[in-house]
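Biologist: I would like to learn how to read a fold from its coordinates. Can we start with the aromatic rings?

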Amino acid sequence: MPVRVVDTATPSSQPSPGQETNSVHPSPPSCSLLSAGRGYLCGTMEALNVPLADTPVVTFWEGEIVDAKNYTFFTGKWEASPEDDIRHWSKFPSFTPLLSQVETDGGKSLDLSNYPHIFMRWKEQYFVNVGVDCGLTIAGFYYVCFSCSDGSISGFYYDPSSSPFQKLELKCTNEKNSGFTFSSYELQ
């Protein structure tokens, strides 16, 4: 699902507090727009090479940012049980330190405000440019993890009627001082 990231801010030459420096590929600047406690986000995704569609298929999605207050690690909808949630969140190595507390209270007592990863759910709502007979389903949703240190995004699709653990993996690149871009999503 190739898309691009548009970043109008100029990356600073000095790392932000808490950022690691890397002489080969510097970390992206900290993002105050995407953080635990923001609660809601939305966007579009574009699927390429869909067999039953003549053009790329664009879907609109809405997301929830897990912050232990507005949204917990337990989905509570979209046919996902707490067991499904634990199985999917456990696919992320960054979730491992949180597992025992999530099993105890859904993570409600966790303070995720300074955690180096942001956990989200993305649910596609509708097709933007094609009809429902395009050959894709949007019945499920994505468990998503954003790394604050390197800007990468990984995710796993959940739909009880689809193949389990379909993976979404997006990496951040920094090319020729033009900002940080992602080959598969856009933040505006």
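Modeller: This is a predicted model. A search of the whole structure turns up 18 aromatic pairs.

Biologist: How is a ring pair described?

Modeller: Two numbers do it: the distance of the centres and the angle of the planes. Take Trp-61 and Trp-122. Their ring centres are 4.2 Å apart and their planes meet at 15 degrees, so the pair is stacked. Trp-61 belongs to strand β2 and Trp-122 to strand β3, so the pair ties together parts 61 residues apart in sequence.

Biologist: Are Trp-61 and Trp-122 buried or exposed?

Modeller: Both are buried. Now compare another geometry. Trp-89 and Phe-119 pair edge-to-face, with 5.7 Å from centre to centre and 85 degrees between the planes. Trp-89 sits in helix α1 (residues 82-89) and Phe-119 in strand β3, 30 residues apart, and the pair links these distant parts of the chain. Trp-89 and Phe-119 are both buried as well.

Biologist: Which residues do ring pairs link into a cluster?

Modeller: Trp-89 and Phe-119 are among them.

Biologist: Where does a charged end sit over a ring?

Modeller: The charged end of Lys-91 is placed over the ring of Phe-165, 4.3 Å from its centre. Lys-77 lies over the face of Trp-78, and there the distance to the ring centre is 4.6 Å.

Biologist: Now the sheet. What is the strand order?

Modeller: First, the general idea. In a regular strand, side chains alternate between the two faces of the sheet. Here, six strands form an open sheet in the order β1-β2-β3-β4-β5-β6, and the pairing is antiparallel. β1 (40-47) and β6 (166-170) stand at the edges with a single partner strand each, so one side of each has no neighbour in the sheet. On average, neighbouring strands are turned by 25 degrees against each other, direction ignored.

Biologist: How many bridges join β1 and β2?

Modeller: Eight, in the antiparallel sense. Within this part, Leu-41 stands opposite Gly-63 of β2. Next, β2 (residues 57-65) runs antiparallel to β3, joined by seven bridges. Ile-65 has Met-120 in β3 as its bridge partner. β3 then pairs with β4 (residues 141-147) over six bridges, again antiparallel. Trp-122, from the stacked pair, has Tyr-142 in β4 as its bridge partner.

Biologist: Why is β3 largely enclosed by the rest of the structure?

Modeller: Count its buried residues. Eight of the eleven residues in β3 (residues 117-127) are buried, so the rest of the structure largely encloses this strand.

Biologist: Which strands does α1 lie across?

Modeller: α1 lies across β3, β4 and β5 (153-158), and runs at about 40 degrees to β4. Its buried residues are Asp-84, Asp-85, Ile-86, His-88 and Trp-89. The cover over these buried residues includes α2 (99-105), β3, β4 and β5.

Biologist: What does the secondary structure come to in total?

Modeller: Two helices and eight strands. Along the sequence, the pattern reads β-β-α-α-β-β-β-β-β-β. Of the 188 residues in the protein, 41% are buried. Consider contacts between residues at least 6 apart in sequence: 58% of them join residues at least 24 apart.

Biologist: Let us turn to the backbone. Which residue other than glycine has a positive phi near 70 degrees?

Modeller: Ala-68 does. This residue is in the loop between β2 and α1. Its relative accessibility is 6%, so Ala-68 counts as buried. Glu-79 also has a positive phi, about 65 degrees, and is not a glycine. Glu-79 lies in the loop between β2 and α1 too. However, at 65% relative accessibility Glu-79 counts as exposed.

Biologist: Last topic: cysteines. How many disulfides does the structure hold?

Modeller: A disulfide is a covalent bond between the sulfur atoms of two cysteines. This structure holds zero. The test needs a cut-off: the two sulfur atoms must be within 2.5 Å. For Cys-145, the closest cysteine sulfur is in Cys-148, at 8.5 Å, which is too far for a bond.

Biologist: Is Cys-145 buried or exposed?

Modeller: Cys-145 is buried, at 5% relative accessibility. Cys-42 is partly exposed, with a relative accessible area of 43%.

Definitions and conventions:
Residues numbered from 1 in each chain as written. Predicted model: local features only at pLDDT ≥ 70, side-chain atom pairs only at ≥ 80, totals over all residues. Heavy atoms only, no water. Buried < 20%, exposed > 50% of the residue type's maximum accessible area, 1.4 Å probe, protein only. Helix = DSSP H or I, 4+ residues; strand = E, 2+ residues; numbered from the N terminus. Pairing = 2+ DSSP bridges. Phe/Tyr/Trp six-rings, centres within 6.5 Å; stacked < 30°, edge-to-face > 60°. Lys NZ or Arg CZ within 6 Å of the ring centre and 35° of its normal. Axes fitted to C-alpha atoms, helices over the stretch in contact; angles between N-to-C directions. Contact = heavy atoms within 4.5 Å.
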